[in-house]
Amino acid sequence: MAMDTVHILLVEDNEGDIVLTKEALAEGRIANTLTVVRNGRDAIDCIFQKGAYKKAKRPDLILLDVNLPLKSGHEVLEKVKEDEVTRQIPVIMLTTSSSDQDVKRSYKAHANCYITKPVGADAFVRAVLTIEDFWFRLVHLPDKPPSKPIG
């Protein structure tokens, strides 16, 4: 992927984790923009550019919590991965859940990886920086999907 500004969608309802993620991404070496949505329904609308998110930029990477209001992270993941255009967007499950059931369900639905949130601010920031480094420096991603609304 060219080193343009990358667009990251954070789907998270915990305000503390939102703040820590923003801090980590600001510290990172990759130019990025961050959109934050706090529930699964808004995440789907944002990814598929519907409703209040018609003009949203399609994300290059999705950081997705499992336990969300309105629609779960699993439901969001399944919707993203069943669509031909959005399935190529990397989805990282970043969650407090270490439940084997959540891990298996995420990978069965084609999550790109599953990370249990570290306890402690410093460890959390390091984890987010590692995600950013890995997905935007090391991994070769396909060209960005089109930004026009789909489906």
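Lys104 sits out in the open: its relative accessible area is 55%, over the 50% cut-off, so it counts as exposed. This is a predicted model, and in it Lys104 pairs up with Asp100 in a salt bridge. Both residues belong to helix H4, four residues apart, or about one turn of the helix. Asp100 is partly exposed, at 49% relative accessibility.

That's one of five salt bridges found in the whole structure. Here are three of them, with the distance between N and O atoms:

| Salt bridge | N to O distance |
|---|---|
| Lys117 and Asp17 | 2.7 Å |
| Lys104 and Asp100 | 3.1 Å |
| Glu78 and Arg105 | 3.3 Å |

What about Lys117 and Asp17? Lys117 is in the loop between strand E5 and helix H5, while Asp17 is in helix H1, so their bridge ties together parts that are 100 residues apart in sequence. Lys117 is buried, at 9% relative accessibility, and Asp17 is buried too, at 13%. Glu12 joins in as well: Glu12, Asp17 and Lys117 are linked in a network of salt bridges.

Then there's Glu78 with Arg105. Glu78 lies in helix H3 and Arg105 in helix H4, so this pair ties together parts 27 residues apart in sequence. Glu78 is partly exposed at 31%, and so is Arg105 at 37%.

Now for the inside. The largest nonpolar core has 22 residues, and Val11, Ile62, Leu64 and Met93 touch the most other members. Strands E1, E3 and E4 and helices H2 and H3 each supply at least two of the core's residues, with H2 giving the most, four. A second, separate core has 20 residues, including Val36 and Trp135.

Note on methods: Residues are numbered from 1 along each chain as its sequence is written. This is a predicted model: local features need pLDDT of at least 70, side-chain atom pairs count only at pLDDT 80 or more; totals for chains, interfaces and linings use all residues. Side-chain values use heavy atoms; hydrogens and water are left out. A nonpolar core is a set of buried Ala, Val, Leu, Ile, Met, Phe, Trp, Tyr and Cys residues joined through side-chain atoms within 4.5 Å. Buried means under 20% relative accessible area, exposed over 50%, partly exposed in between (1.4 Å probe, protein chains only). A salt bridge is a side-chain nitrogen of Lys or Arg within 4 Å of a carboxyl oxygen of Asp or Glu.
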